[in-house]
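Work through the exercises below with the sequence and the model open. Try each task before reading its solution.

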Amino acid sequence: IHGDVERANFAAEHVVRLDPHNAAAYVVLSNTYAALGRWDDAAKARKVMEDKGLKKQPGCSSIEVKDAVHQFLMGDQSHPQKDAIYAELQRLNSQMKEIGYVPDTRAVLYDVEEGE
């Protein structure tokens with residue numbers, strides 16, 4: 001779908017018909033519009049989500065360490081070792097910058113939850 005609004009609309013319509021309570025179709029549609037700089041259309045897709053009472057599922061990552069699975073949700077600050085984890089991430093980020101890594105932020109669009 002990457003930047004193809006016609007296909008994004010087609011896919012969104014079909015997903016909504018199959019599962020009208022699934023926010024994913026609106027998120028993909030909003031992100032497609034945002035990637036093309038069509039901010040008014042992106043806002044309309046988010047507004048439809050809001051009007052229907054739909055919420056975007058937060059991003060989630062998991063890692064297994066010593067037979068224990070640790071799950072992290074976007075914005076969740078409840079992990080008991082969060083300070084040590086964030087400190088290590090900051091250390092790694094600094095190391096990457098030192099060796100010249102530059103993140104590709106072209107796919108960073110608009111976080112539906114933060115934007116509202």
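The exercises go from the overall fold to single residues.

This is a predicted model, in which local features need pLDDT of at least 70 and side-chain atom pairs count only at pLDDT 80 or more, while totals for chains, interfaces and linings use all residues. Residues are numbered from 1 along each chain as its sequence is written, and side-chain values use heavy atoms, with hydrogens and water left out.

**Exercise 1. Overall fold**

Solution. Start with the DSSP runs: helices are H or I runs of at least four residues, strands are E runs of at least two, and both are numbered from the N terminus. The protein chain has five helices and two strands. Next, take burial, where buried means under 20% relative accessible area, exposed over 50% and partly exposed in between (1.4 Å probe, protein chains only). Of the 116 residues, 17% count as buried.

**Exercise 2. A helix pair**

Task: Describe how the axes of α1 and α2 are arranged.

Solution. Two packed helices are described by the angle between their axes and the distance between the axes. Axes are lines fitted to C-alpha atoms, for helices over the stretch in contact, and angles run from 0 to 180 degrees between N-to-C directions. Helix α1 (residues 5-18) and helix α2 (residues 24-35) have axes that come within 9 Å and cross at roughly 170°. That makes α1 roughly antiparallel to α2; the cut-offs are under 35 degrees for roughly parallel, over 145 for roughly antiparallel, 65 to 115 for roughly perpendicular, and oblique for the rest. Now list contacts, meaning heavy atoms within 4.5 Å. Residues of α1 including Val-5, Ala-8 and Val-16 meet residues of α2, among them Ala-25, Leu-29 and Tyr-33.

Met-49 is in helix α3 (residues 39-51) and is buried, at 1% relative accessibility.

**Exercise 3. Salt bridges**

Task: Find salt bridges in the structure and state how exposed their partners are.

Solution. Search for a side-chain nitrogen of Lys or Arg within 4 Å of a carboxyl oxygen of Asp or Glu. The whole structure has four such salt bridges. In one of them, Asp-51 pairs with Lys-47, with the closest N and O atoms 2.8 Å apart. These two are separated by about one helical turn, because they are four residues apart in helix α3. Asp-51 is exposed at 56%, and Lys-47 is partly exposed at 42%.

Glu-88 and Arg-91 form another, at 2.7 Å from N to O. Both lie in helix α4, three residues apart. Glu-88 is partly exposed at 34%, and so is Arg-91 at 42%.

**Exercise 4. The loop between the strands**

Task: Identify the phi values of Lys-66 and Asp-67.

Solution. Most residues other than glycine have a negative phi. Lys-66 has a positive phi, near 50°, and Asp-67 has a positive phi, near 65°. Lys-66 lies in the loop between β1 (60-65) and β2 (68-73), and Asp-67 is in the loop between β1 and β2. Lys-66 is exposed at 80% relative accessibility, and Asp-67 is exposed at 75%.
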